[in-house]
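I set out to look up the pocket and the helix packing in this structure. My entries follow the display.

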Amino acid sequence: MIKRISVITALSLFCLLLPGVAFAQSATPTPKATPAVTSSPQPSASPAPSLKEQMAALRQTYRGQLATYRTDEKQYQIAKEQYLQLQTLASLEEALKATRKAMISRSDLLETYFTMLKVTLIETKGIDLATKTSQIEKIDNTIGELKQHRLQVEKALDRTQILAVQASFSKLLPQIEESTYKTLMLITYGNAQSMYDKTLAVTRELADEMDKTEKNPLVLAEKRRGFEEIGRTLSQVDQQLKDINTRINEDRDHYTENDFNAVVDSLEEVFSGLSRSVSYLGEVIKP
Amino acid sequence: MIEKQTTLEPVAEEVGVDQTVFASQEPIYQDVAMPELPGEKKMAEPKKTPPRFIVIVLCAVGAIMTLLVLLLLLVPRSPMNILKTQASPSPSPQAELTEQQQRVKELSDELKAADPKKLDLPFPPVLINIGLNDERNQ
């Protein structure tokens with residue numbers, strides 16, 4: 001009986017090794033096949049992955065830091081509540097520790113968030129270089145302030161020092177809001193401007209091609225009317241974009257979430273105009 | 001009490017043996033039976049199957065190996081099938097579109113992706129007033 005079982009086991013072991021040899025043989029042609037498939041898109045898409053990879057890594061870090069912050073925030077709230085109820089030195093010490101921890105994890109989270117904003121802003125097309133550079137500088141300043149705040153928190157050991165750090169963070173808030181919402185406005189505006197530029201370029205190319213290829217004068221006249229309508233829609237979009245850009249670059253010190261939401265609402269009209277133009281284009285190029 | 005005495009006496013008479021004799025015979029029977037058992041065991045040992053746990057372990061190993069072999073034979077085929085299924089339907093819709101239509105389709109897709117409401121960078125949900133002030137008294 002044992003002999004039979006051992007023979008079966010040996011046979012199955014042999015079978016296990018056999019496909020390994022087969023895979024080793026079949027593994028060689030696959031590397032040859034893959035570059036052939038990916039060779040064409042690689043050169044055009046080569047600069048993009050680095051920023052994308054950077055952004056993916058930042059997002060992963062952000063998720064981890066957000067989870068840490070949530071835990072620290074809960075502990076801080078419990079410790080603070082206990083201190084306010086008990087009013088003992090032991091509970092004060094616990095509350096101080098928890099507060100410091102929550103402040104540090106909040107600072108880390110915000111720092112990563114601003115780095116993500118910065119990378120996205122660098123990636124975004126359709127924003128003039130001076131505005132982009134100026135905003136990147138502002139983000140860098142905010143990141144610097146957050147790092148400074150973190151150092152202050154690490155040094156704060158008693159209740160008075162923690163209160164001082166809390167007050168200094170409150171003074172930082174307008175700068176944080178400005179950096180956040182102006183950057184978000186610029187990113188959304190830049191995306192819309194970039195889409196407008198692309199739509200205009202494709203429309204012009206297709207109009208030129210139509211002039212060269214279409215020989216039927218009736219069809220040509222009809223298609224030209226279509227392109228004229230697209231041109232009118234796009235010029236409206238262009239005007240809307242200019243108005244939004246003026247609003248974003250107003251000489252203001254403070255931007256809030258409401259300002260950003262107003263810009264998003266205005267950009268919806270822009271996107272509506274752009275999608276109408278693309279839809280018209282689809283009709284015009286129908287054979 | 002009287003009834004018990006009447007019942008015990010006939011039993012003793014029927015057996016014809018008193019309890020002291022019976023007790024003395026017990027070790028003799030045991031002595032006789034003891035040497036037979038090892039003999040029977042010695043005869044049965046070579047015919048017996050191996051311990052069950054060894055059989056179970058070997059069977060389990062055999063079954064796992066067989067499963068692994070089956071899995072290894074099946075797994076390399078699946079990505080090939082996936083590649084084939086992915087590759088085969090894609091060319092047909094692309095082939096239907098002209099170059100101009102393809103450009104407009106790409107533009108439409110980019111436009112959908114650039115929707116400002118899809119921007120995934122909301123401000124982190126953090127407490128702004130972290131500190132040890134008693135807000136309940138303020």
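The entries below cover helix contacts and then the pocket.

Conventions. I worked on a predicted model, where local features need pLDDT of at least 70, side-chain atom pairs count only at pLDDT 80 or more, and totals for chains, interfaces and linings use all residues. Residues are numbered from 1 along each chain as its sequence is written, chains are lettered from A and ligands numbered from 1 in written order, and side-chain values use heavy atoms, without hydrogens and water.

Entry 1, α7(A) and α6(B). Helices here are DSSP runs of H or I, at least four residues, numbered from the N terminus. I found that the axes of α7(A) and α6(B) come within 11 Å and cross at roughly 170°; axes are lines fitted to C-alpha atoms over the stretch in contact, with angles from 0 to 180 degrees between N-to-C directions. α7(A) is therefore roughly antiparallel to α6(B), a term for angles over 145 degrees. The crossing is left-handed, that is, the near helix is turned anticlockwise from the far one by less than a right angle. Contact (heavy atoms within 4.5 Å) involves, among others, A:Met195, A:Val202 and A:Leu206 of α7(A) and B:Val104, B:Leu107 and B:Leu111 of α6(B). I noted 6 nonpolar, 2 polar and 5 charged residues in this contact; Ala, Val, Leu, Ile, Met, Phe, Trp, Tyr, Cys and Pro count as nonpolar, Asp, Glu, Lys and Arg as charged, and the others, Gly among them, as polar.

Helix α9 of chain A, residues 257-284, packs on α6(B) at about 165°, with the axes 10 Å apart. This angle makes α9(A) roughly antiparallel to α6(B), and their crossing is left-handed. I listed A:Phe271, A:Leu274, A:Ser275, A:Val278, A:Leu281 and A:Gly282 against B:Val104, B:Leu107, B:Ser108 and B:Leu111. The contact has 7 nonpolar, 3 polar and no charged residues.

A pocket is an open set of points on a 1 Å grid where a 1.4 Å probe fits, with protein on both sides within 12 Å along at least five of seven lines; lining residues have an atom within 4 Å of a point. I read about 870 Å³ for the largest pocket, a volume being the space filled by probe spheres set on the points. Of its 25 lining residues, A:Glu123, A:Thr124, A:Asn191, B:Ala113 and B:Ala114 are the closest to the centre. α7(A) gives the largest share of the lining, 6 residues. By class I recorded 11 nonpolar, 5 polar and 9 charged residues in the lining.

Definitions and conventions: Helices (H or I, at least four residues) and strands (E, at least two) are DSSP runs, numbered from the N terminus. Angles under 35 degrees count as roughly parallel, over 145 as roughly antiparallel, 65 to 115 as roughly perpendicular and the rest as oblique.
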